[in-house]
Amino acid sequence: MAMNCDIRDILELDTDKPYEPVTKKSLMNDKKCKTKKAEPTFKRPEGMHRELWGLLWTDNKYMKDTPPILPTDVNQGYKQMKAKIGSQKVRPWKWMPFTNPARKDGTIFLHWRRVADEAKDYPFARFNKTVDVPTYSDLEYQQHLHDDSWTRHETDHLFDLCRRFDLRFIVIHDRWDRSKYPNRSVEDIKERYYNICNTLVKVRATQGPEPKIWVFDASHERKRKLQLIKLFNRTPKLVEEEEHLIAELKKIELRKKEREKKTQDLQKLITAADSNIDNRRVERKTTKKKVYQQQKLKEGSLSTVRSFT
């Protein structure tokens, strides 16, 4: 025991505490003493209300449970979620052929499809929108649609292309058979097509409201394209000259506006001067009337005085 105390004195270990002998209980004690940290406290500033201090969340015990900036749902996640597999059987699929109603060649394709939908039509066929191109008979062509500049075969070729390419006149002009028929411009093709459509509508119209007629001015369209070609083919010198003329025109318009403003101001001054002159004339007339009336009153008073005397 003395040796133990000497060693503790040399190492300066808890000399003030009483000596405790080593026992089996002290050696086998596995419990660790947990030291609880003292929570820092913040004092409320003087002059601040208790409710406001509580809203600021300055207390440490409330800082742990501060509300999140964004709404979060901690109950749902990858670990908590479970696969919800139904007890029903999987719908069977089948590799089956199908035809597209938009195609006229009868081509057969293959794709995966549910067995329950085997007898149904192709679902994307409803998106196939076609243009209603009118047809005409031989009698209608001879009586109403005959044109000296267009033959019957050329007109039939035009309407065949209109049905194939859904009135895309640029494509129709590109696919025009120039080996059999003379070359036609886009405006000529449009003019012939719309003239035939309008004629057929008028001929087939029954009694009632007026039918709808398409209007296409081919001459205006030709002039418009010619002007665009001229505009595109301008040289840099012409562009510079045009910009110079536009700048001069703006200067002339600005000078014109300034002159108009000056004339308006001058007219206002003239009207103001005329109104002042008229006011002065009226004032002079009123003053003359007053003086004349005063003179009459004086003369009347003098005559009455003389009559009494």
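Which residues make a nonpolar surface patch of about 510 Å²? Select W93, W95, L110 and W112: together they form it. A quick note before moving on: this is a predicted model, where local features need pLDDT of at least 70 and side-chain atom pairs count only at pLDDT 80 or more, while totals for chains, interfaces and linings use all residues. Residues are numbered from 1 along each chain as its sequence is written, and side-chain values use heavy atoms, leaving out hydrogens and water.

A patch here takes residues with over 30% relative accessible area and no salt bridge, joining nonpolar side chains (Val, Leu, Ile, Met, Phe, Trp, Tyr) within 5 Å and like charges within 9 Å. A salt bridge would be a side-chain nitrogen of Lys or Arg within 4 Å of a carboxyl oxygen of Asp or Glu.

Now colour strand 1 (93-99) and strand 2 (108-114); each gives the nonpolar patch at least two residues. Zoom in on W112, which sits in strand 2 and is exposed, at 53% relative accessible area. (Exposed is over 50%, buried under 20%, partly exposed in between, with a 1.4 Å probe and protein chains only.)

Next stop: helix 5 (residues 138-145). Pick E140, Y141 and L145, which are buried. They share one side of helix 5, because they cover an arc of only 100° around its axis. Turn to the other side of helix 5 and you'll find L139, Q142 and Q143 exposed.

Last, select K251, R255, K256 and R259, a surface patch of positive charge. K251 belongs to helix 10 (residues 236-308) and is partly exposed, at 45% relative accessible area.

Definitions and conventions:
Accessible areas come from the Shrake-Rupley method with a 1.4 Å probe; for residues, only the protein chains shown count as cover. Lys and Arg count as positive and Asp and Glu as negative; His and the chain ends are not counted. The place of a charge is taken as NZ of Lys, CZ of Arg, CG of Asp or CD of Glu. Helices (H or I, at least four residues) and strands (E, at least two) are DSSP runs, numbered from the N terminus. The arc is that of the directions from the helix axis to the C-beta atoms.
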